[in-house]
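Here is a short tour of one protein chain, moving from the whole to a pair of neighbours and then to a single residue. Please keep the 3D view open as you read.

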Amino acid sequence: MAKKEEHKHELLENPEAIKDRLIGAENWIESNPKVVVGIAVAILLAVGGYFGFHYYKSTQNVEAQKEMFQAVYYFEADSLGKALDGDGNSMGFLEIINKYGITDAGKLANYYAGVCYLKQGKYELSRLYLEDFSSNDLLVQARAYSLVGDTYMEEQKYEDAAKYYNKAANYKPNKYFSPAYLMKEALAYEKLNQNDKAKEAYEKVITQYWESAEYQSARKFKARLESNS
């Protein structure tokens, strides 16, 4: 241990020791030029590839946003077929997903496609696209979870529905959207005759989101369950 400490202090305090180390490193570089060049090229390729990919992704995202404009127009006009498949001149959400899937706009197209299929009553397809969607956005990601819950409610798969409503309510919880998802979760549990879990969901609205529009309804529905028990 003492020898190691001495060696360490020698490197820190003895200029000759540092010089010897540097000369040794220079000799190794001179003796292994191909290895040094290979390492340098690998570093340059890695750095260039990283920035190149992000530049490519950025330009692709701009293109995808332009293509999305018409598809979103059809979506808002409730022309769901054209929104999904395009009109022959402009792309629909499905083609945008295939071509620009790595971009933010391409990921958002998954959300729109999922909503289109939900409106068409194609619940499995809706889940396929909604579950492929991911975002850090406070509103849209929680909304996607809730919509997956809606597909399960339509299929009367209430346990799965409750799970996704709970996921929506607990994604970045907030007083604006979480109470509505908790109310949906409670309804799903009522459908399952799991009234204790339904009351828990209502209670969260009452105690945590007492300023929300859902507060009074949560109190009323919880009182109804308690009077029936």
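The accessible surface of the protein chain comes to about 14500 Å², and carbon and sulfur atoms account for 54% of that area. Do keep in mind that this is a predicted model. Of the chain's 229 residues, 37% count as buried. As for secondary structure, the chain holds 12 helices and zero strands. Among contacts between residues at least 6 apart in sequence, 47% join residues at least 24 apart.

Now to a helix pair. Two packed helices are described by the angle between their axes and the distance between the axes.

| Item | Value |
|---|---|
| Helix α7 | residues 123–132 |
| Helix α8 | residues 138–154 |
| Angle between α7 and α8 | about 165° |
| Distance between the axes of α7 and α8 | 10 Å |

Because angles over 145 degrees count as roughly antiparallel, that is how α7 lies relative to α8. The crossing of α7 past α8 is left-handed. On the α7 side, Y123, S126, R127, L130 and E131 take part in the contact; their partners in α8 are A144, L147, V148, T151, Y152 and E154. By type, the residues of this contact divide into six nonpolar, two polar and three charged.

Finally, have a look at A180, which sits in helix α10, spanning residues 178–191. Is A180 buried or partly exposed? Its relative accessible area is 28%, so A180 is partly exposed. The C-alpha atom of A180 lies 6.7 Å from that of E214, although these residues are 34 apart along the chain.

Key: Residues numbered from 1 in each chain as written. Predicted model: local features only at pLDDT ≥ 70, side-chain atom pairs only at ≥ 80, totals over all residues. Heavy atoms only, no water. Helix = DSSP H or I, 4+ residues; strand = E, 2+ residues; numbered from the N terminus. Buried < 20%, exposed > 50% of the residue type's maximum accessible area, 1.4 Å probe, protein only. Contact = heavy atoms within 4.5 Å. Areas by Shrake-Rupley, 256 points an atom, 1.4 Å probe, with all protein chains shown as cover. Axes fitted to C-alpha atoms, helices over the stretch in contact; angles between N-to-C directions. Parallel < 35°, antiparallel > 145°, perpendicular 65-115°, else oblique. Left-handed = near helix turned anticlockwise from the far one by under 90°. Nonpolar A, V, L, I, M, F, W, Y, C, P; charged D, E, K, R; others polar.
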